[in-house]
Structure formats: structure tokens, C-alpha cells
Amino acid sequence: MTTPVYQNFIHGQFVPNQSKETFAVKNPATDEVIYHVEVADESIQEKAIASAREGFAAWSAMAPIERSRILNKAVYLLRERNDELAKIEVLDTGKPIQEADCVDIQTGADVIEYFAGLAPTQVGTQQPVGNDFFYTRKEPLGICAGIGAWNYPLQIACWKSGPALAAGNTLIFKPSEETPLGAIKLAEIFIEAGMPEGVFNVVQGAAEVGQWLTTHPEIEKVSFTGEVGTGKKVMQSAASNLKDVTMELGGKSPLIVFDDADITEAVSAAMLGNFYTQGEICTNCTRVYVHKSVYTQFIKELKARTEANIIAGDPLDPNVNLGALISKKHQGLVLDYIEKGKAEGATLLTGGHALSPESAPNGYFVAPTIFTDCTDDMTIVKEEIFGPVMSVLVFEDEADVITRANNTELGLGAGVFSQNIQRAHRVIHQLKAGICWINSYGNSPAEMPVGGYKQSGIGRENGIETLNSYTQTKSVYVGMSQIESPF
Ligand code: NDP
């Protein structure tokens, strides 16, 4: 059976490359190639820039409320096609349909809707200076680039295009080569919604295509989601013409469970923050610090619920709540971390091996894994694993656990469970992380800014400030009286 071949999406249509180079995309739950994609060669890259230039002229000249209307039409289409798009995300990523169905497309659409609403609210200022005055204008940056990771492909494309396009920019988006289809579907929807051609182009390929975007002199900003190491490379390349950057990078986030916490709720948070999307979420609370006095109770409930309630299998089955990891290679990396955990002396509470469920025997599954007796110096406690692997640690003292929680170069998320509101806020305020939760974990509404402290990132996505990061301020001084000149 022949599989479909997708081309790059430039200027409102699929465009063939000249090199004929393609890459294969596999379904992580079956290990089967499901389609091929053409690589964005030089001819495609040139077309993408020329198209984005043309798109920018049309899009930036539109009244913000017109842009808003088109974006909202796209939101409508995204929601209307939720089921079809969710299925695409499941086949590309291996995540369960029960998640994609209600999270991936919805939260992507929410963000575009949010920024569509904000687009017409952008105002400049006016201020008198003597008889003269000046005013400011919020102007778009121009052509921007988005580079996405593979864990939430369509959602990431929405989170980057929403603010960029609302502010009047155009975006050239490169999805991960593991998950290229969602972004194409978004591009088709934008065109159907009435967006001018060239406003949102999709280029396909691996690191080289990403690198090209980060060095191209006409691209003004790069918004990147991915690993810390790649983020550093992207920033270095972006320095070539002083591009603005937004960096959404990795994490190794702490969850602190105090002795007065609702333990059942805290266990729910720990499970969500380690096993949702089979652990492939950047904000996951992979370091769970539990107060000594509730440790036994916490571990007992955690083990029982993990062993009883997690169902791995064909991600298209709505009962399945643990999907396959993105690739065989990634599965191997996660299993290697598990071996390191065992070798370095952590106790395996549950899991710790690959899975081969009956309904998806060839998928890249890893059992939900919990290590106890962990110490802060273990590799599994220090490094981002990006799989369903939780490390549980014990603490006794508030000040001490804050120091330990902050003892990392990363600072993406953090959570606190406590019924004592003063303690909860006091502790959260001292944690060096950009996205924090109290008695909750993982929720990320469009209105809430998200981004990392330290090496977890630069800049924010979502929330009002993100729209500003896609604009530049022009000051215009207006002389009302005769110029005083010594010449
Ligand atoms: P990578 O850093 O490997 O890749 C991210 C993107 O960058 C991909 O599209 C990749 O292309 C591309 N890329 C690779 N090398 C370069 C380069 N030199 N220049 C430009 N682009 C390049 O991350 P993953 O895809 O493996 O995603 C997992 C990581 O993403 C985790 O660390 C996770 O924490 C982080 N993440 C952060 C989020 C946040 O909001 N903070 C959200 C989601 C994930 P290709 O893959 O095609 O080779």
C-alpha cells in the first residue's frame, strides 16, 4: 500500500520541492510508516521567504479587527474539525485519543481566540512635550519563525501563530519532523478562514531547516520550543542578525507535598504531572518532594492508583490513558534513564520496563515508573527524562525543601500542595520557576503567561505580554512650533 506524500505548504498551497528528498513519519503506536513528507530544500526556502514578504504586506495593512475576524473563523474551523485533527495528533504522537480529543485542539483554538480578541485592543500612547508632542505605535516585527517540538504539535503551532499573527506578523513554521501533519492542517484552515496567502507557511525537515530559519536575515524573530541544548544553538544562530527570541525549553520541576496536604489530590497531581501524555510534557513535576510524616500514606496511594488505573494500549481506544512514546530511539533513552536510576540506588516502586500491550504490540511503550529513596544527586533526579518516570524524595523542613527544589539549572514549573494558604504562597514565591501551581498541576489557560526561569527559557507564551513581544514600538515626535536651530 502506498502512503501519502505531503509537500511543503507555501503561499496557500502545497508546493513540490526540487530535490525530491522526503522523510518518513511513523505511528509510534504501531511502528508503521504512515506517510512521507518532502523536505524544504533551497527552492522551497526561497519561496517561503518571498511568500511571507508578500503576505506581510497584505496582513499588516489590514485593520486589527479584520485580522481578528479571520483568526476567529479559523478558531471555529479548528473546533468544528476537533475529532479529525485529534486523530491526526494521535497517529503522529502516540498519545491517547482521550487526551487529544479534549485538550490538544481545544487549547490551541483557545489561544488563537484569545489573541484574536486582543488584536484590536493594541493601542499606542500620546504625550505632550512643551508645545510639541509625540505618540507611539505598536508595529509588527515582520516575518517571524516558529520551530516546534513533537509532544503537542498542533497546539504549539497555534500557540505560536496566535500572538504572532494577531499582532500583524507573518509566520514561517517548522514542525518537528516526527509530527509534521498538524501544522499543515492549521495552514489549510487559515487559508479557508480567509487569511491572505503567505501569512502562515509551513516548511518541513529536520535541524538543517530549523537552522536556516534561525540564520535567515529577513526573519526578525524566532519562537522556539524544544530542548535546552537546541535552544542555545538557536539563540546563537539568531544572534547573526540580532533576531528577537522566545525560548520554551525543558524542565525538571518540583512538586512539594506538605504534611497538611490533601493526599489524594496530591497523588492525582503527581500522576497527572508524570504520566499524562506518557510523561512527554515539559512542565512535568518529575521531582516529587513528600513530607516525611505523610510519605508512607502518599506512596501507598500512589502505587495502588498507578497499578490499578493506568491503561496502556492502542491510543485510538478511548479507554486507553497511556500512549506510546514518540520513537523507538526515545523509548531507548527513557529505558536507559530507568537503568541509571536502578544502578544509582533508587528503589523501583513500580514499572521500570518497556510494555507491549496486546492492542498495540509494536508500539514504543514504557510502563509508568516510580522510583522512591531518591536523592538529589541521582541522574534521574537531575536530568529531564521526558517519559513516564517519577522520582519521589523525602523532606522534613520547609526551608530545606525550597533550597533543594531550586537546586537545578532549570526553572520551568513548580507545585505546592498544602492547606495552609500562607505557607503555600510563601513557598511558591521562593521557588525559581516561571509556571507555578498551588493545589493543582498542569493547567495552562490561554490567559496565563507561561515560560521558564533560568535555562528553561526566555520570554513567555500566552497572556497579554506575549502579544507585545510580537510588536515593536515606534515613537513619532511631532514639532508644532518653529525649530530652534543654531545653524
Ligand atoms: P528538540 O530541541 O530536539 O527539537 C525541537 C525543534 O527544533 C524540532 O523542530 C527540531 O527539528 C528543531 N531543531 C533541531 N535542531 C535544530 C537547530 N540546530 N536549529 C533549529 N532548529 C532545530 O526538542 P524535541 O522535539 O525533542 O522536544 C522535546 C523538548 O522540548 C523537551 O526538552 C521539552 O521539555 C521541550 N518542550 C518545552 C516546552 C515548553 O513550553 N517549555 C513544551 C514542549 C516541549 P527535528 O525534530 O525535526 O529534528
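**Briefing: ligand shell, domains and selected residues**

Leaving aside residues up to four places away in sequence, K47 touches I10 and V15, where contact means heavy atoms within 4.5 Å. This is a predicted model, in which local features need pLDDT of at least 70 and side-chain atom pairs count only at pLDDT 80 or more, while totals for chains, interfaces and linings use all residues. Residues are numbered from 1 along each chain as its sequence is written, and side-chain values use heavy atoms, with hydrogens and water left out. The protein is divided into domain 1 (5-250) and domain 2 (254-438), and a ligand is surrounded by 27 residues.

**Ligand shell**

- Among the 27 residues that surround the ligand, the closest are G148, E177, T230, L249 and E384; a residue is near the ligand if one of its heavy atoms lies within 4 Å of it.
- By residue class, the shell around the ligand consists of 12 nonpolar, 10 polar and five charged residues; Ala, Val, Leu, Ile, Met, Phe, Trp, Tyr, Cys and Pro count as nonpolar, Asp, Glu, Lys and Arg as charged, and the others, Gly among them, as polar.
- Domain 1 (5-250) and domain 2 (254-438) each contribute at least three residues to the shell around the ligand.
- At least two residues of the shell come from each of α7 (207-215), β11 (219-225) and α8 (228-238), and α7 gives the most, with three residues.
- Helices (H or I, at least four residues) and strands (E, at least two) are DSSP runs, numbered from the N terminus.

**Polar contacts and burial of the ligand**

- The side chain of T230 places an N or O atom 2.6 Å from an oxygen atom of the ligand.
- E384 has a polar side-chain atom 2.6 Å from an oxygen atom of the ligand.
- At G226, a backbone N or O atom lies 3.4 Å from an oxygen atom of the ligand; a polar contact is a pair of N or O atoms within 3.5 Å.
- The ligand taken alone exposes 900 Å², of which the protein buries 89%; accessible areas come from the Shrake-Rupley method with a 1.4 Å probe.

**Helices α7 and α8**

- V209, G210, W212, L213 and T214 are buried in α7, buried meaning under 20% relative accessible area, exposed over 50%, and partly exposed in between (1.4 Å probe, protein chains only).
- These buried residues of α7 pack against α1 (42-61), β8 (143-147), β9 (170-174), β11 and α8.
- In α8, the buried residues are V228, G231, V234, S237 and A238.
- The cover over the buried residues of α8 includes α7, β11, β12 (244-248) and β20 (410-411).

**Domain arrangement**

- The C-alpha centres of domain 1 and domain 2 are 31 Å apart, with bounds that come from an automatic or database domain assignment.
- In the contact between the domains, 26 residues come from domain 1 and 29 residues from domain 2.

**Individual residues**

- K160 belongs to helix α5 (residues 153-166) and is buried, with a relative accessible area of 0%.
- Not counting residues up to four places away in sequence, K160 touches G146, I147, L171, F173, S223, F224, T225, E461 and Y470.
- V129, in strand β6 (residues 126-129), is partly exposed, with a relative accessible area of 34%.
- Apart from its neighbours within four places in sequence, V129 is in contact with F134 and Y477.
- V129 and V478 are 349 residues apart along the chain, with 9.6 Å between their C-alpha atoms.
- K47 lies in helix α1 and is partly exposed, with a relative accessible area of 38%.
- The C-alpha atoms of K47 and N201 are separated by 9.8 Å, and the two residues are 154 residues apart along the chain.

How values were computed. A polar contact is a pair of N or O atoms within 3.5 Å; within protein, one must be able to donate a hydrogen and the other to accept it, and residues adjacent in sequence count only if both atoms are side-chain atoms.
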